Amino acid sequence: MARNDALRAARLRRGWRSIEAAADALTRHGQHLLGERHFTVSARTWRRWEGERPGWPAEETAVVLHDALGHWPEDLGFTTPQGWIRPDHHEEEQVSRRAFTSITAAALGTGPFASQYVDPALVDYFQQQLEGHYRADMFLGPHDLIGTVSAQYQLIDKLVRSAKGETRRALLRAGAAYAALVGWLYQDAGDMDGAAFWRGVTQEIAVRSRDPHLIGYSLVNQAQVRTDLGDGHAVVELCEAVLEDADQLVPKVRIMAMQQLAHGASLTGDRRVADRLLDRADRFMPAVDDDLPWGNACRRTPG
C-alpha cells in the first residue's frame, strides 16, 4: 500500500512510535508554540498524512510541523500546492529587500524636491571633500566610509535637481566621482551587488555630465567589476571602448583603461598582450599631471 514514507521516517526519528503518539505530541507542541490551546491534530489526520494522498496542512500547522520535525511540508512528502512559498523564504526576501534598500537608498531619492539656490562654491567644497575621502580610505577601509560618501552623493544629487548651467554640470561631474568611490568601497568590501549598482550609477551620471574623461572612467569602473567576476571578455570590450578615443582622454584614464585591459587579457589567457599593455601603461605614467580629484588609482588606493 502506498504511504508517505518521508513523514513516517521523520516521525520515527522524533521518537513518536505510533500515529496516535505523534498526533498527541504535535498537538501539545503546537499549542505551546502558537500559544493557542485550541490547536489540534487528530490521529485520523496524521494517518491521512502518512497515506497515499497526504494533501496539504494549514499554514499554521506547516509552521508547527517545521518547528517539531525540522522540515517544511514539501520535504515531508506532502502534496505542495501551487503558489506555496515557505515562511522562511518570505523572511529571506525581507532581508534581501532591506539589504537592497540600504545599498540603493542614497542614489534613488524620489522628487520633486523644493527648489533652492545652489552656490557654485559648493563644487570646490565637494571636490576637496572627495580628496579627503580618498586619503581616509587608505587608513580606515571601506566599511567606515560607505555611509559617509553615500550621504554626500545623496546631497549632491539633491543639489543637482536645483542647480543650473555650469554649476549643474560641475555638480554632475562631482556626483559621478562620488558614485565611483562608493562603488569602489563596496567592491573593496567584497559586496559585488553594491559595487555593480554604484558602478551603474557612476556611468549614468557621467553620461549626463557629458564629460568624456568621466565617461571613459565610468567604463573602466564597470570593467573592474567584470574583472572581479572573472568575465575577461567583458573587461576587454569595455576597455577597448574607452581606448577607441584614447587621444582625447587625460593620461590617467588611458592608463587605467590599459591596466584594466591587461587584466582582461590575462583572464582570457593572453599573457603576452597583458604584459605589453602594462609596459605601455608604465610609459604613460610620467604624463599623469592633472588636478582631477577622482580616479587616483595611478598614485593611490581607489580605482
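Helix 8 and helix 10 are roughly parallel to each other, a term applied to angles under 35 degrees, whereas angles over 145 degrees count as roughly antiparallel, 65 to 115 as roughly perpendicular and the rest as oblique. Their axes come within 11 Å and cross at roughly 10 degrees, helix 10 comprising residues 212-228. Axes are lines fitted to C-alpha atoms, for helices over the stretch in contact, and angles run from 0 to 180 degrees between N-to-C directions. On the side of helix 8, the contact (heavy atoms within 4.5 Å) is made by R173, A176, A180 and Q187, and on the side of helix 10 by L214, Y217, N221, Q224, V225 and D228. Five nonpolar, three polar and two charged residues form this contact; Ala, Val, Leu, Ile, Met, Phe, Trp, Tyr, Cys and Pro count as nonpolar, Asp, Glu, Lys and Arg as charged, and the others, Gly among them, as polar.

The structure is a predicted model, in which local features need pLDDT of at least 70 and side-chain atom pairs count only at pLDDT 80 or more, while totals for chains, interfaces and linings use all residues. Residues are numbered from 1 along each chain as its sequence is written, and side-chain values use heavy atoms, with hydrogens and water left out.

The chain contains 13 helices and zero strands. Both kinds of element are DSSP runs numbered from the N terminus, helices being H or I with at least four residues and strands E with at least two. Of the 303 residues, 44% count as buried, that is, under 20% relative accessible area, with exposed meaning over 50% and partly exposed in between (1.4 Å probe, protein chains only). Among contacts between residues at least 6 apart in sequence, 62% join residues at least 24 apart.

In contrast to the pair described above, helix 2 (residues 19-34) and helix 4 (residues 59-69) have axes that cross at roughly 105 degrees and come within 10 Å. These two helices are therefore roughly perpendicular to each other. Residues L26, H29, G30, L33 and L34 of helix 2 meet E60, V63, V64, L65, D67 and A68 of helix 4.

In soluble globular proteins, nonpolar side chains tend to be buried together. Beyond four places away in sequence, W294 touches L130, Y134, A177, H213, L214, Y217, K252 and V253.

The buried residues of helix 7 (residues 146-160), among them Y153 and I156, pack against helix 6 (121-140), helix 8 (165-188) and helix 9 (192-209).

S209 is located in helix 9 and counts as buried because its relative accessibility is 4%. Beyond four places away in sequence, S209 touches R169, L172, R173 and L214. R210, by contrast, is found in the loop between helix 9 and helix 10 and is exposed, with a relative accessible area of 69%. Although not a glycine, R210 has a positive phi of about 65 degrees.

Note on methods: Expected span 1.5 Å × (residues − 1).
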